[in-house]
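Work through the exercises below with the structure open. Each task is followed by a solution in steps.

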Amino acid sequence: MSSISGEKIKISVFGESHGKAVGVVIDGLPPGIEIDSDKIRAEMERRRPGQDRFTTPRNESDDVEIISGVFNGYTTGTPLCGIIGNTDVKSKDYDAMKNLMRPGHADYTGYIRYGGFADYRGGGHFSGRLTAPIVFAGAIAYQYLQKKGITIGTHILKIGSIDDEPLNAADIPADILNKFRGMRFPVVSPGIEEKIKEEIDNARRDLDSVGGILETAVVNVPAGLGSPMFNSVESKLSAFVFSIPAVKGIEFGSGFGFAQMRGSEANDQFTADGKTVKTATNHTGGINGGMTNGMPIVFRTVFRPTPSIGKPQRALDISKMESTELKIQGRHDPCIAVRAVPVLDAAAALVFMDLLL
Ligand SMILES: Cc1cc2nc3c(=O)[nH]c(=O)nc-3n(C[C@H](O)[C@H](O)[C@H](O)COP(=O)(O)O)c2cc1C
């Protein structure tokens with residue numbers, strides 16, 4: 001149903017939130033990538049729901065069954081299929097909602113697009129659950145990139161009114177990105193985690209949800225990847241990032257901040273120490289003319305507040321064609337941005353692997 005295609009590696013994500021399973025077929029992987037199942041497990045664990053009050057109480061083990069494309073611990077180069085079972089399914093929660101088109105969600109557009117045949121339970125194919133296969137595919141891509149010395153990491157830049165410190169785009173040590181990968185709430189400023197938790201708790205207690213911004217960096221990327229215009233690094237990253245549900249915007253480097261700058265401030269001046277070319281600042285987020293310039297790639301992604309909230313709202317009853325009161329009883333995430341940290345790492349890994357191949 002839903003496919004995401006890269007150029008060299010093509011990935012196709014399938015499944016529904018309350019169906020038997022979700023999964024992915026990855027086509028075009030090079031043979032011989034060593035598959036470290038502990039690393040895959042660790043990535044899946046970072047996205048897994050049901051771990052604390054900051055994620056949906058739906059408790060899934062998110063074990064991946066690899067049914068093709070891996071032999072004796074290495075990719076074979078043939079299509080790799082990974083399947084993740086749906087076990088903690090409470091579809092009854094959604095029976096009463098069959099005809100109710102929730103505000104903010106994809107119920108109405110999905111109903112029109114698929115003529116009323118789409119599986120609406122738990123958001124069906126439009127559920128955040130479909131990001132589990134992306135994290136799995138990204139974990140494989142990252143194993144390839146790590147062998148090339150590339151490091152990727154994401155931190156929470158903003159949740160509601162709480163701001164973390166942005167990274168210094170001109171100088172991002174791989175260590176800090178590795179540290180983010182080991183943190184449940186990856187942040188730069190000490191002490192901000194508690195404030196973020198409080199912000200999410202407040203929204204949850206109000207039977208509401210809250211939005212947020214994540215900042216992702218990719219370091220040690222060689223210069224010259226990407227192409228001008230349609231296959232620019234920005235186009236490829238944006239296309240992938242916008243396939244993650246609830247993403248509403250992306251900016252590279254100083255992004256929308258460029259609007260208030262002068263050229264003299266915005267231009268990243270080149271320096272060279274004899275063999276390495278760098279720029280003194282990194283307002284463009286490591287990309288010029290759609291191609292990498294060797295500096296850290298930095299981008300920020302904004303996530304809307306979770307559409308499903310416990311607060312009473314108005315929904316459309318499509319069977320009666322009238323607006324009606326809706327009180328959502330099912331389980332949901334109070335803040336999608338927090339859950340999406342490993343999804344962005346995975347998206348970046350898949351795009352950069354595709355660019356490198
Ligand atoms: C990791 C993740 C978890 C999500 N959890 C929920 C959820 O619990 N409840 C919900 O209504 N939407 C959730 N979403 C968002 C919806 O899937 C999304 O808003 C919906 O498909 C509509 O798409 P759009 O927001 O891109 O327009 C989640 C998204 C992600 C990436």
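**Exercise 1.** Determine the handedness with which α1 passes α3, and describe the packing of the two helices.

Solution. This is a predicted model, and the steps below use its coordinates.
- Step 1. Handedness: the crossing of α1 past α3 is right-handed.
- Step 2. Geometry: the axes of α1 (residues 37-47) and α3 approach to within 9 Å, at a crossing angle of roughly 140°. Angles over 145 degrees would count as roughly antiparallel, so α1 is classed as oblique to α3.
- Step 3. Residues: α1 contributes K39, I40, E43, M44 and R47, which meet T131, A132, V135, F136, A139, I140, Q143 and Q146 of α3.
- Step 4. Classes: this contact of α1 with α3 comprises 7 nonpolar, 3 polar and 3 charged residues.

**Exercise 2.** Describe how α3 packs against α9, giving axis distance, angle, handedness and residue classes.

Solution. 
- Step 1. Geometry: helix α3 (residues 131-147) and helix α9 (residues 341-356) have axes that come within 7 Å and cross at roughly 50°. The range for roughly perpendicular starts at 65 degrees and roughly parallel means under 35, so α3 is oblique to α9.
- Step 2. Handedness: α3 passes α9 in a left-handed crossing.
- Step 3. Residues: on the α3 side the contact is made by T131, I134, V135, A137, G138, A141, Y142, Y144 and L145. On the α9 side it is made by P342, V343, A346, A349, L350, F352, M353 and L356.
- Step 4. Classes: the contact of α3 with α9 holds 15 nonpolar and 2 polar residues, with no charged ones.

**Exercise 3.** Which handedness does the crossing of α6 and α9 have, and which residues make the contact?

Solution. 
- Step 1. Geometry: the axes of helix α6 (residues 233-241) and α9 come within 10 Å and cross at roughly 140°. The two helices are therefore oblique to each other.
- Step 2. Handedness: α6 and α9 cross in a right-handed manner.
- Step 3. Residues: V233, K236, L237, F240 and V241 of α6 touch the α9 set of L344, A347, A348, L350, V351, F352, D354 and L355.
- Step 4. Classes: the contact of α6 with α9 has 11 nonpolar and 2 charged residues, and no polar ones.

**Exercise 4.** Which residues come nearest to the ligand, and which side chains place a polar atom by one of its oxygen atoms?

Solution. 
- Step 1. K248: an N or O atom of the side chain lies 3.0 Å from an oxygen atom of the ligand.
- Step 2. H105: an N or O atom of the side chain lies 3.4 Å from an oxygen atom of the ligand.

**Exercise 5.** Where does D88 lie, and which residues does D88 touch?

Solution. 
- Step 1. Position: D88 sits in the loop between β7 (80-85) and β8 (100-101).
- Step 2. Neighbours: leaving out residues up to four places away in sequence, D88 touches P57, R58, N59, E60 and R331.
- Step 3. Separation: from D88 to V338 there are 250 residues in sequence and 21 Å in space, C-alpha to C-alpha.

Key: Residues numbered from 1 in each chain as written. Predicted model: local features only at pLDDT ≥ 70, side-chain atom pairs only at ≥ 80, totals over all residues. Heavy atoms only, no water. Axes fitted to C-alpha atoms, helices over the stretch in contact; angles between N-to-C directions. Helix = DSSP H or I, 4+ residues; strand = E, 2+ residues; numbered from the N terminus. Parallel < 35°, antiparallel > 145°, perpendicular 65-115°, else oblique. Left-handed = near helix turned anticlockwise from the far one by under 90°. Contact = heavy atoms within 4.5 Å. Nonpolar A, V, L, I, M, F, W, Y, C, P; charged D, E, K, R; others polar. Polar contact = N/O pair within 3.5 Å; in protein donor to acceptor, adjacent residues only side chain to side chain.
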